[in-house]
Amino acid sequence: MATLVLVHGAMHGGWAWSPVARRLRERGHEVHAPTLTGQGDRRAELTPAVGVSTHVRDLTELLWFEDLHDVVLVLHSYAGVLAGPVVETCSDRIRSVVFTGAFYVRPGQRLLDVEPPAVAERYTALAREQGDGWRLPATTAFLSQWAVTDPAMQAFVGPRLTDFPYKAQTDAVDFDPGPLLSISRTYIEHTAPPLPSLAVSQEAALADGATHVTLETGHDMMLAAPEATAALLESLV
């Protein structure tokens, strides 16, 4: 049996992993699905100071306080940018990293550096014009971007989206790449449909030695296809 830490990305929280976490626990695995500061049930903690280092600390503190070892770190979307610094800090606790439709940065890069330029410009404008300059407002318009098309799922997910700190998009992610590159890494590409914004990240992750697997679902795979997502994760651990 494995120990998995499931981390969601922008505008969601640990709640989004619940259907997958339940299935993995039923199979006997130990599963943690933390919510990053300012997201989901921790939305009241969102401030202009929240950024990449805040979220790295969320995860490193979880690993230490729970005394977790031999961990499979599963990172979705934005959370992929946390991989390098988390593994560098907790290399003795992490067995492998699974990027699930995740962004991937190399040392010194920002999340906006690996987004398509037009998307980065749109997010910057949204933060400036509708987010007081420091947050990306959560709107249901993101659901179509993430291929959440089922009306029932839209009704469930839409009200639970939370504003995202713009600082987490503009912080450079500095880390020694050695620890991350020395452990097993897998990149799960979602194909139905793919998210064009992830193309640069996927290419870089594979070039750096990650194993490539695919899953026929959209970006919010843990909500749209929880059984298939759980089964794939179990096969990887």
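## An exposed loop proline

Pro 159 sits in the loop that links helix H6 (151-157) to strand E6 (164-165). The model is predicted. Is Pro 159 buried or exposed? Its relative accessibility is 59%, so Pro 159 counts as exposed; the cut-off for that class is over 50%.

Ala 83 gives a reference point for Pro 159. The two residues are 76 residues apart in sequence. C-alpha to C-alpha, they are 28 Å apart in space.

## A buried glutamine

Gln 169 belongs to helix H7 (residues 167-170). Its relative accessible area is 2%, so Gln 169 is buried; the limit for buried is under 20%.

Which residues does Gln 169 touch, not counting those up to four places away in sequence? They are Arg 110, Leu 111, Leu 112, Tyr 123, Leu 136 and Phe 164.

## Helix H1 and its cover

Helix H1 spans residues 18-26. Its buried residues include Pro 19, Val 20, Ala 21 and Leu 24.

## The largest nonpolar core

The largest nonpolar core has 79 residues. Which of them touch the most other members? They are Leu 6, Tyr 78, Leu 82, Ile 94, Val 97 and Leu 233.

Take Ile 94 from that group. Leaving out residues up to four places away in sequence, Ile 94 touches Leu 63, Val 71, Leu 73, Val 86, Val 87 and Ile 183.

## The whole chain

The protein chain holds 11 helices and 8 strands. Its radius of gyration is 16 Å, close to the 18 Å that the globule rule gives for 237 residues, so the chain is as compact as a globular protein of that length. Along the principal axes, the C-alpha atoms fill a box of roughly 45 × 40 × 35 Å.

Of the 237 residues, 57% are buried. Consider contacts with a separation of 6 or more: 75% of them join residues 24 or more positions apart.

## Surface and charge

The accessible surface of the protein chain is about 9,700 Å². Carbon and sulfur atoms account for 52% of that surface.

There are 17 positive and 28 negative side chains. The centres of these two sets lie 4 Å apart.

Methods. Residues numbered from 1 in each chain as written. Predicted model: local features only at pLDDT ≥ 70, side-chain atom pairs only at ≥ 80, totals over all residues. Heavy atoms only, no water. Core = buried A, V, L, I, M, F, W, Y, C linked by side-chain atoms within 4.5 Å. Buried < 20%, exposed > 50% of the residue type's maximum accessible area, 1.4 Å probe, protein only. Contact = heavy atoms within 4.5 Å. Helix = DSSP H or I, 4+ residues; strand = E, 2+ residues; numbered from the N terminus. Rg over C-alpha atoms; globule rule 2.2 N^0.38 Å. Areas by Shrake-Rupley, 256 points an atom, 1.4 Å probe, with all protein chains shown as cover. Lys, Arg positive; Asp, Glu negative; His and termini not counted. Charge placed at Lys NZ, Arg CZ, Asp CG, Glu CD.
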